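Please walk me through this model, residue by residue where it counts. Start with the helices, then turn to the aromatic rings.

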Amino acid sequence: MAKENPQETKKEFALGYGNYKLMLVGFAIIILGFILMVGGGSEDPGIFDYSMFSFRRITLAPIIVLLGFSFEIYAIMKKTK
């Protein structure tokens, strides 16, 4: 049984170049979702501000984050040529 020469073996990444590009897009979607969650606090701790319960922070941003994570799963599972 012949031993393989370490210089002859080609090292490859686990995923293809296209997968990594798609993962960056998914990461950007996740970051966008977290940016949409930011804010809504009151400057004065004695005053309650209802803006933290806006549609953007409670509904839209978590949906975008979940879509980003779903896109990440797709990017990892996608077969490359």
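Ile 64 touches Ile 29, Gly 33 and Leu 36, with residues up to four places away in sequence not counted; contact here means heavy atoms within 4.5 Å. The model is predicted, so local features need pLDDT of at least 70, side-chain atom pairs count only at pLDDT 80 or more, and totals for chains, interfaces and linings use all residues. Residues are numbered from 1 along each chain as its sequence is written, and side-chain values use heavy atoms, with hydrogens and water left out.

Ile 64 sits in helix 2. Helices are DSSP runs of H or I with at least four residues, numbered from the N terminus. The C-alpha atoms of Ile 64 and Ile 29 are 6.9 Å apart in space, although 35 residues separate the two in sequence. Ile 64 is buried, because its relative accessibility is 17%. Buried means under 20% relative accessible area, exposed over 50%, and partly exposed in between, with a 1.4 Å probe and protein chains only.

How do the axes of helix 1 and helix 2 cross? They come within 8 Å and cross at roughly 170 degrees, with helix 1 covering residues 17-37. Each axis is a line fitted to C-alpha atoms over the stretch in contact, and angles run from 0 to 180 degrees between N-to-C directions. Helix 1 and helix 2 are therefore roughly antiparallel. The cut-offs are under 35 degrees for roughly parallel, over 145 for roughly antiparallel, 65 to 115 for roughly perpendicular, and oblique for the rest.

By class, the contact of helix 1 with helix 2 has 19 nonpolar, four polar and three charged residues. Ala, Val, Leu, Ile, Met, Phe, Trp, Tyr, Cys and Pro count as nonpolar; Asp, Glu, Lys and Arg count as charged; the others, Gly among them, count as polar.

Val 65 also lies in helix 2. Val 65 counts as buried, because its relative accessibility is 7%. Beyond four places in sequence, Val 65 touches Ile 30, Gly 33, Phe 34 and Met 37. Its C-alpha atom is 9.3 Å from that of Phe 27, 38 residues away along the chain.

Now take Ile 76, another residue of helix 2. Is Ile 76 buried or partly exposed? Ile 76 counts as partly exposed, because its relative accessibility is 41%. Leaving out neighbours within four places in sequence, Ile 76 contacts Leu 15, Asn 19 and Met 23. Gly 40 is 36 residues from Ile 76 in sequence, and their C-alpha atoms are 34 Å apart.

Asn 19 belongs to helix 1. Asn 19 is buried, because its relative accessible area is 1%. Its contacts, past four places in sequence, are Ala 75, Ile 76, Lys 78 and Thr 80.

Which backbone oxygen does the side chain of Asn 19 reach? It is that of Lys 78, at 2.9 Å. A polar contact is a pair of N or O atoms within 3.5 Å; within protein, one must be able to donate a hydrogen and the other to accept it, and residues adjacent in sequence count only if both atoms are side-chain atoms.

A polar atom of the Arg 57 side chain lies 3.2 Å from the backbone oxygen of Val 38. Arg 57 is buried, with a relative accessible area of 15%. Its contacts outside four places in sequence include Leu 36, Met 37, Gly 39 and Pro 62.

The rings come next. A pair of aromatic rings is described by the distance of the centres and the angle of the planes. The structure holds three aromatic pairs. Phe 48 and Tyr 50 form an edge-to-face pair, 4.8 Å centre to centre with 80 degrees between the planes. Rings of Phe, Tyr and Trp (its six-membered ring) pair if their centres lie within 6.5 Å; planes under 30 degrees apart count as stacked, over 60 as edge-to-face and the rest as tilted. The rings of Phe 71 and Tyr 74 have centres 6.0 Å apart and planes at 50 degrees, so this pair is tilted.

Phe 71 and Tyr 74 are about one helical turn apart, because three residues separate them in helix 2. Phe 71 is partly exposed at 24% relative accessibility. Tyr 74 is partly exposed too, at 45%.

Phe 48, Tyr 50 and Phe 53 form one aromatic cluster. Within it, Phe 48 is partly exposed, with a relative accessible area of 48%. Tyr 50 is exposed, at 63%.

Technical notes: Helix = DSSP H or I, 4+ residues; strand = E, 2+ residues; numbered from the N terminus.
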